[in-house]
Amino acid sequence: MKGTITKNFSWEEFERSNKADELVIDNAIPDENVADNIRALVFNVLQPLRDACGHPLKVNSGYRSKALNKAVKGAANSQHTRGEAADIHEDNPFTLAWLVLHIGLPFDQLILYDTFIHLSHKRNGPQRGQILYDQSYKSKFRERL
């Protein structure tokens, strides 16, 4: 897909993957259902977060085709494969995660990693509001939400 989803997010950044390019894996958004899930994630979580933090957010990993998800050793049932998740780079992921909670964004999962946060949102269904910490999360202060 081409073009913008919102003023600060594009379809291209959800399809972009260095690993897919390296392995010549097609990572194009396959259908309207996945596109609608990405729209819901961006409209309900990512764009409001971008507006609140006041600086650009870099999508490390957005949509992942099943082949790409397997290549990066993602979870078999990863929300990335349904367009429901994005990994957002942040020098201090705790600060970004805190902001998600502070402004009350409707997330399904928030996972803190050492250099990014994983955010997911279900278009159809209740949000679990689940907060997890990856084993790589080694914040200088061992901050917990």
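Lys122 is partly exposed, with a relative accessible area of 24% in this predicted model. The side chain of Lys122 meets that of Asp108 in a salt bridge, with N and O 3.9 Å apart. Asp108 lies in the loop between H5 and S5, while Lys122 lies in the loop between S6 and strand S7 (130-133), so the pair ties together parts that are 14 residues apart in sequence. The two partners can also be compared by their accessibility. Asp108 is buried, with a relative accessible area of 0%, whereas Lys122, at 24%, counts as partly exposed.

Asp108 has another partner. Its side chain meets that of Arg128 in a salt bridge, and here the N to O distance is 2.7 Å. This pair, too, links distant parts of the chain: Arg128 sits in the loop between S6 and S7, Asp108 in the loop between H5 and S5, and 20 residues separate them. Arg128 is partly exposed, at a relative accessible area of 47%.

Side chains of opposite charge can pair when their charged atoms come close. How many salt bridges does the structure hold? There are eight. An α-helix has 3.6 residues a turn, so residues three or four places apart point the same way. Lys19 is partly exposed, with a relative accessible area of 31%. Glu22, at 56% relative accessibility, counts as exposed.

Glu84 is found in the loop between helix H4 (66-71) and S4. Its relative accessible area is 9%, and because buried means under 20%, Glu84 counts as buried. Leaving aside residues up to four places away in sequence, Glu84 touches Asn37, Leu41, Gln79, Leu119, Ser120, His121 and Lys122. Lys122, one of these contacts, is the residue described above as a salt-bridge partner of Asp108. Glu84 and Ala40 are 44 residues apart along the chain, yet their C-alpha atoms are separated by 8.0 Å.

The largest nonpolar core has 31 residues, and Phe14, Ile38, Leu46 and Leu119 touch the most other members. At least two core residues come from each of helix H1 (11-15), helix H3 (32-53), strand S4 (85-89), helix H5 (93-102), strand S5 (109-112) and strand S6 (116-120). Which element gives the most to this core? H3 does, with nine residues. Ile38 shows the kind of contacts involved: not counting residues up to four places away in sequence, Ile38 touches Ile5, Trp11, Phe14, Ile29, Tyr63 and Gly83.

H5 can be looked at in more detail. Its buried residues include Pro93, Phe94, Leu96, Ala97, Leu99 and Val100. Among the elements that cover the buried residues of H5 are H3, S4, S5 and S6. After H5 comes Gly104, whose phi is positive, near 70°.

The last topic is the empty space. Rolling a probe the size of a water molecule over the atoms shows where empty space is left. The largest pocket has a volume of about 310 Å³. It is lined by 17 residues, and Arg16, Ser17, Asn18, Asn60 and Ser61 lie nearest its centre. Helix H2 (18-23) and strand S3 (58-61) are the elements that give two or more residues to this lining. S3 provides the largest share, four residues. By type, the lining of the largest pocket divides into five nonpolar, six polar and six charged residues.

The second largest pocket has a volume of about 230 Å³. Of the 13 residues that line it, Arg64, Ser78, His80, Tyr113 and His118 are the closest to its centre. S5 and S6 each supply at least two residues of this lining. Here the residues divide into four nonpolar, seven polar and two charged.

Definitions and conventions: Residues numbered from 1 in each chain as written. Predicted model: local features only at pLDDT ≥ 70, side-chain atom pairs only at ≥ 80, totals over all residues. Heavy atoms only, no water. Core = buried A, V, L, I, M, F, W, Y, C linked by side-chain atoms within 4.5 Å. Buried < 20%, exposed > 50% of the residue type's maximum accessible area, 1.4 Å probe, protein only. Contact = heavy atoms within 4.5 Å. 1 Å grid on protein atoms, 1.4 Å probe; cavity = no way out; pocket = protein on both sides within 12 Å on 5 of 7 lines; lining within 4 Å. Points joined across faces, edges and corners; volume = space filled by probe spheres on them. Nonpolar A, V, L, I, M, F, W, Y, C, P; charged D, E, K, R; others polar. Salt bridge = Lys/Arg side-chain N within 4 Å of Asp/Glu carboxyl O.
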